[in-house]
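This report looks at a few selected residues. It covers annotated positions, a surface patch and some backbone angles.

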2 protein chains.
Amino acid sequence: MLSEFDLIKHYFRRARAGHAVLGIGDDCALLAPTPGMQTAISTDMLIEGRHFFAGADPRMLGHKCLAVNLSDLAAMGARPVGFTLALSLPGADPDWLEAFSAGMFALADLHDCELVGGDTTRGPLVVCITVFGEIAPGHALRRDAARAGHDIWISGTLGDARLALAGYWKEIALQPEALALAAPRMHLPTPRVALGRALAVLPTAHAALDISDGLIGDLAHILDASKVGATLDVDALPVGPALARQPLALRRRFTLAGGDDYELCFTAPAGERAAVLAAAGSAGTPVTRVGTIDAQPGLRLVDAAGQALAMDVRGWDHFGGE
Amino acid sequence: MLSEFDLIKHYFRRARAGHAVLGIGDDCALLAPTPGMQTAISTDMLIEGRHFFAGADPRMLGHKCLAVNLSDLAAMGARPVGFTLALSLPGADPDWLEAFSAGMFALADLHDCELVGGDTTRGPLVVCITVFGEIAPGHALRRDAARAGHDIWISGTLGDARLALAGYWKEIALQPEALALAAPRMHLPTPRVALGRALAVLPTAHAALDISDGLIGDLAHILDASKVGATLDVDALPVGPALARQPLALRRRFTLAGGDDYELCFTAPAGERAAVLAAAGSAGTPVTRVGTIDAQPGLRLVDAAGQALAMDVRGWDHFGGE
């Protein structure tokens, strides 16, 4: 059987030159921070049977585990630099490791983000990635930067990942073509790194976060941190192409409280609409204006006619939301 | 039931002011690196039933999970700065969380190392910590810095953690007093941070690592990285107080290939013995000279009389060593 060290060397140590002063193979990795920049750090743990299906395709899993971490850097406006990978595996399956590392490195290379260290052990299938980025002081997109009068924006589309999950779970009868359309949004999320960086260099402070637990639950973090409220135009929410063909009630539910979207929700002064659209254009990422930050606390949902909607939706919560 | 976010706030968010520009509660933490310093990074994942017993005391577990990470910083000679914690829990038990966080923060405070971010989810009990430190360029204690003629040194004592494990596993009949003496070395390892930092500021480059998988297996990493061999004086190895009362064969086996010691193994030029002892004295950490780095590849074990020993020992390996 392969030893732990053989595994690490073979699949995760790369000939490709990286940025690290010292990479995998010592007690620590060594990075040389760019002078004057701050370090952004985030960590996410994904567990088989909870965050992904047992037997999940390892190539897509490698992509997704890194993508959800890069999405946190995107939500701060930081440039990805490197990451560590702690991996618990039931066994040392070369095919699985080959595919998992290929999926992970393909996304890492796209963002010039280097694997600098790791830990491998036997156990349940658990993937824990910690990601590092850089951002200029004062430019981070913080949750406490939303102000009354700001527009609320969403990148890309919402709800297709949740629709795919509903199909797998058989919550709804989903046509195979619809599932095939929605599934990539669940398995292969796109971290909005370019958009986050483009927003971070705009002159005004913006609030942002990435939507992982559902828009309403995540937006509440911005409202709490910024001590403001919001009005959301529910029918303005950008709907994923698969979900767009579903009934209105389902569209509303899955865009508002779907989860696993990994789109950015951000705020910006109403006077900056052109600058926001230009930043999004430069990043190649569509953005949609979906509401307004209010001085009045709480979240108000309105329909296309501006009529108040009363809906029982809430964010996905890993402890409370089961 | 407590929500994920309540949990994090209550047990892991602290009123105490930290170093981070932005700590727990946003998509990323933000750290401002000290100008001119490099960042040292390490990650370790600990799994119930594999790295610690099911039902382990949560206060000691909180200590140990951080200690094994700080030990990696110590082995590089880095100053601890901060860490992230990803925690998977079968349930939200307030008593467990209270004790775990208390044990973790007590050690963190001792080393002025701040919890800057985290992730909490439901699942098997898994703890993944990623730790960050700082070190001046060129001063890291790297595995590839051992040179023929260097002395090999060990901090503290070896083998008591492995002896405790043998007692728990009933591999040997261990007196309750002996187990009581050995057990703290297994449950509450001491990361040798002060020693590592004192060695890192000495003028000559030294090789170092922390002994987590057993001396022989870990020393092999220094020998491989530095392309050298070594001769170890087996009977010079510093034996833990509980193991010291055991038969010679067991003493040799558990000092050479015990594991879970979290002592430093380091090399230094023979001309620097006084400087090494002064550095160890300043760190309040005993050190013992146990052998020599050779130009000839391979590891040679000798007894107190200098006679070659043939022993079948090997490092603990999480995949191959079961």
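Helices and strands here are DSSP runs, numbered from the N terminus; a helix (H or I) needs at least four residues and a strand (E) at least two. The model is predicted.

**Annotated positions**

Which residues carry the UniProt feature "binding site"? The UniProt record, an unreviewed entry, places it at A:Thr43, A:Asp44 and A:Asp119. Two of these positions are described here.

A:Thr43 lies in strand β2 of chain A, which spans residues 38-47. Is A:Thr43 buried or exposed? The relative accessible area of A:Thr43 is 3%. Buried means under 20%, so A:Thr43 is buried.

Contacts of A:Thr43 involve both chain A and chain B. In chain A, leaving out residues up to four places away in sequence, A:Thr43 touches A:Asn69, A:Cys128, A:Ile129 and A:Thr130. In chain B, A:Thr43 touches B:Thr84, B:Leu85, B:Ala86, B:Gly118 and B:Asp119. A:Ile129 also takes part in a polar contact: its backbone oxygen lies 3.3 Å from a polar atom of the A:Thr43 side chain.

A:Asp119 sits in strand β4 of chain A, residues 114-122. Its relative accessibility is 13%, so A:Asp119 also counts as buried.

**A nonpolar patch**

What makes up the nonpolar surface patch of about 280 Å²? Its members are A:Phe53, A:Tyr168 and A:Trp169. A:Tyr168 belongs to helix α4 of chain A, residues 160-169. At 32% relative accessibility, A:Tyr168 counts as partly exposed.

Where do they lie? A:Lys170 is in the loop between α4 and α5 of chain A, with α5 at 176-187. B:Lys227 is in the loop between α7 (215-226) and β8 (229-233) of chain B.

**In brief**

A:Thr43 is buried and touches residues of chain B, including B:Asp119. A:Asp119 is buried.

Methods: Residues are numbered from 1 along each chain as its sequence is written. Chains are lettered from A and ligands numbered from 1 in the order in which they are written. This is a predicted model: local features need pLDDT of at least 70, side-chain atom pairs count only at pLDDT 80 or more; totals for chains, interfaces and linings use all residues. Side-chain values use heavy atoms; hydrogens and water are left out. Patches are made of residues with over 30% relative accessible area and no salt bridge: like charges are joined within 9 Å, nonpolar side chains (Val, Leu, Ile, Met, Phe, Trp, Tyr) within 5 Å. Accessible areas come from the Shrake-Rupley method with a 1.4 Å probe; for residues, only the protein chains shown count as cover. A salt bridge is a side-chain nitrogen of Lys or Arg within 4 Å of a carboxyl oxygen of Asp or Glu. Buried means under 20% relative accessible area, exposed over 50%, partly exposed in between (1.4 Å probe, protein chains only). UniProt positions are given in the numbering used here, feature names are shortened, and annotations may be inferred rather than shown by experiment. Contact means heavy atoms within 4.5 Å. A polar contact is a pair of N or O atoms within 3.5 Å; within protein, one must be able to donate a hydrogen and the other to accept it, and residues adjacent in sequence count only if both atoms are side-chain atoms.
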